[in-house]
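Hi,

Here is the structure I said I would pass on.

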Amino acid sequence: MAAIHVPLPVPTHPNTQPPPELTGKAKSDYDRVLAHFANSEYCLPGVPSEKDTKLTEEECMWLSYECILRYIRASKHDVALAIKRIEDTLKWRRDFGIYDTLTAELVEPEAVTGKEFLFGYDTRGRPGLYMCPSKQNTEEGPRQIQLVVWVLERAIDLMGPGVETLALMVDFAEKAKNSSISTARTVLNILQSHYPERLGAGLIAHLPWLLHTFFKLVTPFIDPLTRTKMIFNPVQDDRGLWRSAEARDKGESNDPKEPNARLFDLDQLIHDGWGGTQMFTYDHDIYWPALVEMCKKRREDMTRVWQKLGGVVGIKEWDVKVGVRDEKVNEEKPNALEETSQ
């Protein structure tokens, strides 16, 4: 297979099912949180300037149906806590510069070696976020954390209909400089506080015994649900990448206790370090502008569809993403017909 240096397109997954309708307490909890933020008089508390208390268009779009449900679940269905956590995240996103200062230009110096990149999608359509500690090129500092958040935001851009989580891929195949416990705790705190239920699977490959100590030190700071999603040294064969040798030997399983035994198809997985068929090599001058443009275009498309759907708090990410997908399919149909007729 030829070498590739750019991200793969978002899979369409036309058979993906929409989120189920809420009933009973789940609906009541959701309605209460939605009513709080959809109130025309709502003002974000605890912001320094009174003129900044109203939610921006970007914040209203972020505060989707699925977003509200993620926070409710992460708050164990405590409505008051869910509201507080959402408001804390709204303020954190402003302070961190998600919508203005956290730009591709700001974090690019951290990205030139390809220590973090997005490529491919797992068997559930979750984007693969690769981390290569051996390619660390800078001293520890705020910009390293900014890169993590920027790439995470781009992974969210590339989630298709029905996809709300990502597959984190960490490869320790080569000698790597460990992050400090302080940096690891900061990143974990951001992920658990402001990106609840965004990790679908965490794959750790070629973990040397020496690094087990580091993971033991940070494990107490990882919430129990996240710990269950960590998969150490997954196994690859000619059918794909599997959770374990036992899962591979059993093959595909319908057992709900063993979900997603086969994690990746080989054509969605890079070759180096992971055994996929995609001969991906990170060429920053090619990859970076392609990723930036791809995500920029997708955000623009999603914003346009969201506005068509009403442009308010509580619109379903599903409806927005399906709208973008269907627009793209409709655009491609005339081209396919023209090629057929020639």
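**What turned up**

Phenylalanine 119 and phenylalanine 280 are both buried (buried is under 20% relative accessible area, exposed is over 50%, and partly exposed is in between, with a 1.4 Å probe and protein chains only). Before the rest, some housekeeping: this is a predicted model, where local features need pLDDT of at least 70, side-chain atom pairs count only at pLDDT 80 or more, and totals for chains, interfaces and linings use all residues. Residues are numbered from 1 along each chain as its sequence is written, and side-chain values use heavy atoms, with hydrogens and water left out.

**Rings**

There are 14 aromatic pairs in the structure (rings of Phe, Tyr and Trp, the last by its six-membered ring, pair if their centres lie within 6.5 Å; planes under 30 degrees apart are stacked, over 60 edge-to-face, and the rest tilted). One of them is phenylalanine 119 with phenylalanine 280, a tilted pair at 4.8 Å centre to centre and 40 degrees between the planes. Phenylalanine 119 is in strand β2 (residues 116-121) and phenylalanine 280 in strand β10 (residues 279-280), so this pair ties together parts that are 161 residues apart in sequence. Helices (H or I, at least four residues) and strands (E, at least two) are DSSP runs, numbered from the N terminus.

Tyrosine 282 and tyrosine 287 make another tilted pair, 5.1 Å centre to centre with 50 degrees between the planes. Tyrosine 282 is buried at 16% relative accessible area, and tyrosine 287 is buried at 1%.

The charged end of arginine 154 is over tryptophan 150, 5.1 Å from the ring centre, and lysine 316 lies over the face of tyrosine 65 at 4.8 Å from the ring centre.

**Salt bridges**

How many salt bridges does the structure hold? The count is 22 (a side-chain nitrogen of Lys or Arg within 4 Å of a carboxyl oxygen of Asp or Glu). Glutamate 164 meets arginine 70 at 2.7 Å, N to O. That pair links distant parts of the chain, 94 residues apart: glutamate 164 is in the loop between α6 and β4 (166-171), and arginine 70 is in helix α3. Glutamate 164 is partly exposed at 23%, while arginine 70 is buried at 4%.

Arginine 143 and glutamate 110 form another bridge, at 3.4 Å, N to O. Arginine 143 is in helix α6 and glutamate 110 in helix α5, so the bridge ties together parts 33 residues apart in sequence. Here arginine 143 is partly exposed at 32% and glutamate 110 is buried at 2%.

**The second largest pocket**

A pocket here is an open set of points on a 1 Å grid over the protein atoms alone, where a 1.4 Å probe fits, with protein on both sides within 12 Å along at least five of seven lines; lining residues have an atom within 4 Å of a point. The second largest pocket is lined by 36 residues, with Arg93, Tyr99, Glu153, Asp157 and Arg299 nearest its centre. Helix α11 gives the most to this lining, with six residues.

Conventions: Lys NZ or Arg CZ within 6 Å of the ring centre and 35° of its normal.
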